[in-house]
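Take a look at the sequence and the model first.

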Amino acid sequence: MVLLYKSDPERGARWKELFAQHAPDIEFRQWPEVGDPNEIRYLLAWLPPENLMQRLPSLEVLFATSAGVDQFDVASLPAELPVVRMLDPAIESGMIEYATFATLWLHRRMGDYVRQQRERRWQAHMLVPAVHRSVGVLGLGQLGSAIATHLAAYGFAVSGWARSPRQVPGVACHHGEEALDSFLSLSDILICVLPLTDATRGVLNKALFERLPEGAGLINIGRGEHLVDHDLTQALEDGYLSAAVLDVLSEEPPADDHPFWRDERILLTPHVAAMTQPDSAFPVLLDNLRRYQRGEPMIGRVDGKRGY
Ligand code: GLV
């Protein structure tokens, strides 16, 4: 039984140790040392190799090292090949941490204070109590729900939106296209944590920004392709938005001349909100491998039609 790992090589060394220690019946190979490709039953990957099924003809399960699986182009894979997202608790805590940081950054106007310091300007801005700041979480899956719950504990007025009905204690949950307007009008700070699908690509666009309260803040920790870059720049110019925190971009890294690099209203980070940690992800993966071997359903299996 061979598992091929194709992701960050540094963390690969730790994955290898964990397999050797806790699952010696599964041979761990690290890309590009594939060996005999016919022996590979499981692939654990961030980016799969091209022509996946031709290259790994005996592949039985594709495990993502990430929570998002949009990079796999699930529609092009054989329908019977199970694709499984990574539900590492470290991803959830990383996303909570980053969303909290970014919300507080916007809520407390840290971008303005960083600028003022540079200009040696000592000027206080009125403090808005958290209870008067509404935060909207776009996407209420496992990660969005966890983020919304944590932000509610800070006292923010938190609402969330999902395609289908959700219930998250302490969070005003909205669902469906018809509820989007009222949800957006309640989002002084909007956090995008949607999966990337054909239905959500480009959702952070001019029309959406215009439905937010004037001067709203935007946080994107979903995928770069959710955002129409030019529309963000324009919305900042026009005052529909006041600031943004972006951890993901459609091109990573962005080109040298991308306007976001030098826009002081935007805080950019290089896709670091959350990272899979082998030590906490290994038990999750091994549980799924054993489930698969016993013929039981795996946790985090992607619905090929929905794309997440
Ligand atoms: C990272 O972006 C992930 O999807 O886990």
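The model is predicted.

**The sheet**

Start with the open sheet. It is formed by 7 strands in the order E8-E7-E6-E9-E10-E11-E12. The pairing is parallel. Which strands stand at the edges? They are E8 (172–175) and E12 (266–268). Each has a single partner strand, so one side of each is left without a neighbour in the sheet. From one strand to the next, the twist averages 15°.

Now look inside the sheet. Strand E9 (residues 189–192) and strand E10 (residues 216–220) run parallel and are joined by 4 bridges. Here Ile191 stands opposite Ile219 in E10.

**Helices on the sheet**

H5 and H8 both have a place here. H5 packs on the sheet and touches E6 (134–138), E7 (157–162) and E9. Helix H8 (residues 229–238) also packs on the sheet, where it touches E10, E11 (241–246) and E12.

| Helix | Strand compared | Angle between directions |
|---|---|---|
| H5 | E6 (134–138) | about 170° |
| H8 (residues 229–238) | E11 (241–246) | about 145° |

**Two helices together**

H5 has a helix partner as well. Two packed helices are described by the angle between their axes and the distance between the axes. Helix H3 (residues 89–107) packs against helix H5 (residues 142–153) at an angle of about 50°. Their axes are 9 Å apart. That angle makes H3 oblique to H5. The crossing of the two helices is right-handed.

Which residues of H3 and H5 make the contact? From H3 come Ile91, Glu92, Met95, Ile96, Ala99, Thr100 and Thr103. From H5 come Gln142, Leu143, Ala146, Ile147, His150 and Leu151. By class, the contact of H3 with H5 has 8 nonpolar, 4 polar and 1 charged residues.

**A loop residue**

Where does Gln71 lie? It is in the loop between strand E4 (61–64) and strand E5 (83–84). The Gln71 side chain reaches the backbone oxygen of Trp46 at 3.1 Å. A polar atom of that side chain also lies 3.4 Å from the backbone oxygen of Gly68. Leaving aside neighbours within four places in sequence, Gln71 is in contact with Trp46, Leu47, Pro48, Ser66 and Arg223.

Note on methods
Residues numbered from 1 in each chain as written. Predicted model: local features only at pLDDT ≥ 70, side-chain atom pairs only at ≥ 80, totals over all residues. Heavy atoms only, no water. Axes fitted to C-alpha atoms, helices over the stretch in contact; angles between N-to-C directions. Parallel < 35°, antiparallel > 145°, perpendicular 65-115°, else oblique. Left-handed = near helix turned anticlockwise from the far one by under 90°. Contact = heavy atoms within 4.5 Å. Nonpolar A, V, L, I, M, F, W, Y, C, P; charged D, E, K, R; others polar. Polar contact = N/O pair within 3.5 Å; in protein donor to acceptor, adjacent residues only side chain to side chain. Pairing = 2+ DSSP bridges.
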